[in-house]
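Colleague: Please take me through one part of this model in close detail. Keep it brisk, and state your cut-offs as you go.

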Amino acid sequence: MGEAYWAAREGDKLLHTSIWADIASATVELACYGAIGLIPGGLIVTTLVSVAVSVTGLNDVISDLSESVS
């Protein structure tokens, strides 16, 4: 099976982000994907760009950037 998620135990450090950090993170991610989505083209070009973003790992870079903002 996949990764096991365990319940918090006494002494564990719990990290919570604020609502503003979540909003900032989402804004960065939406801005990045919105900029990619502005590439002119039809459905085929959009699909190819989406596949290229996934294959090259750019989606991970965008996720890491939004996480660092939060």
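Modeller: What follows is a close look at the contact between helices α1 and α3, then a few residues for reference.

The model is predicted, so local features need pLDDT of at least 70 and side-chain atom pairs count only at pLDDT 80 or more, while totals for chains, interfaces and linings use all residues. Residues are numbered from 1 along each chain as its sequence is written, and side-chain values use heavy atoms, with hydrogens and water left out.

Start with the helices themselves. Helices here are DSSP runs of H or I, at least four residues, numbered from the N terminus. Helix α1 covers residues 19–37. Helix α3 covers residues 58–69.

Now the geometry. Two packed helices are described by the angle between their axes and the distance between the axes. The axes of α1 and α3 come within 7 Å and cross at roughly 150 degrees. That makes α1 roughly antiparallel to α3 (angles over 145 degrees count as such). Axes are lines fitted to C-alpha atoms, for helices over the stretch in contact, and angles run from 0 to 180 degrees between N-to-C directions. The crossing of α1 over α3 is right-handed, meaning the near helix is turned clockwise from the far one by less than a right angle.

Which residues make the contact? From α1 come A24, S25, V28, E29, C32, Y33 and I36. From α3 come L58, N59, I62, S63, L65, S66, E67 and V69. Contact means heavy atoms within 4.5 Å. The residues divide into 9 nonpolar, 4 polar and 2 charged. Ala, Val, Leu, Ile, Met, Phe, Trp, Tyr, Cys and Pro count as nonpolar, Asp, Glu, Lys and Arg as charged, and the others, Gly among them, as polar.

Take S25, in α1. S25 is buried, at 11% relative accessible area (buried is under 20%, exposed over 50%, partly exposed in between, with a 1.4 Å probe and protein chains only). Beyond its neighbours within four places in sequence, S25 is in contact with S66, E67, V69 and S70.

S66 sits across from it, in α3. S66 is also buried, at 2%. Its contacts, not counting residues up to four places away in sequence, are S25, V28 and E29. V28 belongs to α1. With the four-place neighbours set aside, V28 touches L65, S66 and V69.

Now for the reference points. P40 is in the loop between α1 and α2. P40 is exposed, at 72%.

Helix α2 holds residues 43–56. Its 14 residues should span 20 Å, and its end C-alpha atoms are 20 Å apart, which agrees; the expected span is 1.5 Å times one less than the number of residues. After α2 comes G57, with a positive phi near 85 degrees. A52 lies in α2 and is partly exposed, at 36%. The C-alpha atoms of A52 and V28 are separated by 20 Å. Those of A52 and A26 are 22 Å apart.

Technical notes. Helix = DSSP H or I, 4+ residues; strand = E, 2+ residues; numbered from the N terminus. Parallel < 35°, antiparallel > 145°, perpendicular 65-115°, else oblique.
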